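Biologist: I'd like to go through the labels on this one with you. Can you show it to me first?

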Amino acid sequence: MDKIVDETELNEIMDNDIELIKECFNDFIIEYPQMLSDIKKAIKSQDASHLDTSAHKLKGSLKYLAAKAAAEIAYQLEYMGKNESLDKSQDIYIKLEIECQKLQAFMEAYGA
Amino acid sequence: MTTDSKGSQNNISKIPFLFVDDEPLAHKVIKKNLKDWNITSAFSGQEAMEILETNPIQLVVTDIGMPGMDGIELLQQIKKKNPIIQVIIVSGSEDIADLISTLEAGANDFLLKPLKKNELEDALLNTVSKIKRWKKTMKEIFINKRNN
């Protein structure tokens, strides 16, 4: 099971810049609810193309934050969108929402 | 690294490059991590092509997965416009076939996402060093031809 954030990788990506990490965490806390909302809308309207692009966008942010578990779940949704196979997308979305909440708690504890 | 190579690294750092990614966080991290580099930002393939039309940039670092014109299409358009421009592809895929495809499409190098400072800087320095060597060789050929 992946950690919420792989701190070793995070420090490598951010070149050990604590201020940059906090700034990126803050940005993410502000922006991720809208990204989740876009994914939710795509699933509700069964719009595979929109699911692909919206999940891809969130995955991109999560990868830069070394949030591997959440990035993997976002990738599953992106893959479903790409392959127009949305059957289990709602269940996966709920997992993603939970993982993002854990991530937010982690970021707030970090000082973001 | 020796003092000499550090000196040349500082000179190389002044060459501008275009960074293309639809992810704003990627731009923020790259600009903070590579403070001594001259970085121009584009958030789409289309915007990148517009910048290259009016700016003499010889090095591009681009993400593959972007909405609209993706990184591979951008790479192909750049190579069609000016094959001398060096393109480093950034991919989120760890599939070897995908990475080989980028080289087949004309990429000069590839890196995996998320970008790490040392890996990106190594790739940039190698590429800029290659561009400088080519320019020097071309200049020598030009001078030789003119003198003969």
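Biologist: What makes the crossing of α3(B) past α4(B) right-handed?

Modeller: A crossing is right-handed if the near helix is turned clockwise from the far one by less than a right angle, and left-handed if anticlockwise. α3(B) passes α4(B) in the right-handed way. Bear in mind that this is a predicted model: local features need pLDDT of at least 70, side-chain atom pairs count only at pLDDT 80 or more, and totals for chains, interfaces and linings use all residues. Residues are numbered from 1 along each chain as its sequence is written, while chains are lettered from A and ligands numbered from 1 in the order in which they are written.

Biologist: Why are α3(B) and α4(B) called roughly parallel?

Modeller: Helix α3 (residues 45-54) of chain B and helix α4 (residues 71-81) of chain B pack at about 20°, their axes 10 Å apart. Angles under 35 degrees count as roughly parallel, so α3(B) is roughly parallel to α4(B).

Biologist: How do you know that strand β3 (residues 59-63) of chain B is mostly covered?

Modeller: A residue is buried if 20 or more other C-beta atoms, placed from the backbone, lie within 10 Å of its own. In β3(B), five of five residues are buried. B:L59, B:V61 and B:D63 lie on one side, B:V60 and B:T62 on the other.

Biologist: What makes β3(B) and strand β4 (residues 86-91) of chain B a pair?

Modeller: Two strands pair if DSSP finds at least two bridges between them. β3(B) and β4(B) have five, in the parallel sense, and B:L59 stands opposite B:Q86 in β4(B).

Notes:
Axes fitted to C-alpha atoms, helices over the stretch in contact; angles between N-to-C directions. Helix = DSSP H or I, 4+ residues; strand = E, 2+ residues; numbered from the N terminus. Parallel < 35°, antiparallel > 145°, perpendicular 65-115°, else oblique. Buried ≥ 20, exposed ≤ 12 C-beta atoms within 10 Å, placed from the backbone.
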